[in-house]
Amino acid sequence: MSRFGYFLSAEDHTPAELIEQAELAQQAGFESLWISDHYHPWNDQQGESAFVWTIIGALAQATDLPITTAVTCPTVRIHPAIIAQAAATSAALLGPDRFILGLGSGEALNEHILGDAWPNAATRLAMLEEAIEIIRELWTGEVVSREGEFYTVDAARIYTLPDQPPPIYVSSFGPKSLELTCRIADGFISTQPDAESVAAFRKAKGKNAPAQVGFKASYAETREQAIDHMYRLWPNDQLPGELAQVLPSPQHFEQASELVTREMVGESPAPLGPDAETHLAAFDDFVDAGFDVVHLSNVGPDYRGFFKLYETEVLPELKKRHGGGRTT
């Protein structure tokens, strides 16, 4: 049984559009929200990158859907003690069971902005582990002082706390990050239909351990228009390897994305265009991989048309096929 949520892409929509999309998502029957947390967009065509914690405050008033950050990096740009406070406030504001702190090891694109060196992958994972320890310790409400390998906390205490600390889900790509996720995370986050990683996480954490995933679609009046939107706004999704973690600026992503052709975008598994069955079929691999919540984001300007399609044709059929859809 899977549930279905909407992924708010803060890189290519204004704050007002994000709030409107969240409202439309709830009206259409989506059951949860993801929201990205970046300092920069991936390229200048996307053109936005709002501060996620401000948007979450607005979302708390606009909808009653649960929200997961997908994902926050608590290691370089923002000290984990600050992330702990921001997440605690968000969880207190949203209320019981409505906030999940999704964390990851980050990208140079967002984390280099204060002039800090961008660590190698092994160091980033070690930093993430220590950051999560600090966040959880601060969520106890006790005074915390510690000098760790990467972070110092001096007599810090978080006073505004939710009744229960929110779960921490961790994004994982590759065996080393998956090992960390299996050890310390409450839930698993991915953007790939990675059944092996879901199975490994549940072997480590229990058969009902939560796993969330997100992917992109593009709704438009024609498939060709949808391909144009995806090619213009998100060609970087086609870049291979570790480029997403190491390139430092939108301009570098634009240069690398010159290697991506429109044909490559058209051949991607993303659902492109107005055909409901194409959108429905795109969920199969993620559901079959075992993810209990599947989110997707619409790329392009016609998000109102997207939500109409999903409300009338896609979400009702997803509920029939996979047991998702609203339960209340």
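A residue is called buried here when its relative accessible area is under 20%, exposed when that area is over 50%, and partly exposed in between, with a 1.4 Å probe and protein chains only. The structure is a predicted model, in which local features need pLDDT of at least 70, side-chain atom pairs count only at pLDDT 80 or more, and totals for chains, interfaces and linings use all residues. Residues are numbered from 1 along each chain as its sequence is written, and side-chain values use heavy atoms, with hydrogens and water left out.

**The whole protein**

The protein contains 14 helices and ten strands, where helices (H or I, at least four residues) and strands (E, at least two) are DSSP runs numbered from the N terminus. Its radius of gyration, taken over C-alpha atoms, is compared with a globule rule of 2.2 Å times the number of residues to the power 0.38. For 328 residues this rule gives a compact globule near 20 Å, and the protein has 19 Å, which agrees. Contact means heavy atoms within 4.5 Å; among contacts between residues at least 6 apart in sequence, 72% join residues at least 24 apart.

| Property of the protein | Value |
|---|---|
| Box filled by the C-alpha atoms, along the principal axes | roughly 60 × 45 × 40 Å |
| Share of the 328 residues that count as buried | 55% |

**Helix α7**

Which residues of helix α7 (residues 195-205) are buried? They are S197, V198, F201 and R202. These residues cover an arc of only 130° around the axis, and therefore lie on the same side of α7; the arc is that of the directions from the helix axis to the C-beta atoms. On the face turned away from this buried side, α7 carries the exposed residues E196 and K203. The buried residues of α7 pack against α6 (175-184), β8 (187-190) and β9 (211-217). Just after α7 comes G206, which takes a positive phi of about 120°.

**Residue F307**

Helix α14 (residues 303-322) includes F307. Is F307 buried or exposed? Because its relative accessibility is 3%, F307 counts as buried. When residues up to four places away in sequence are not counted, F307 touches Y6, Q21, L24, A25, A28 and F30. One of these residues, A28, is 279 residues from F307 along the chain, yet the C-alpha atoms of F307 and A28 are separated by 6.1 Å.
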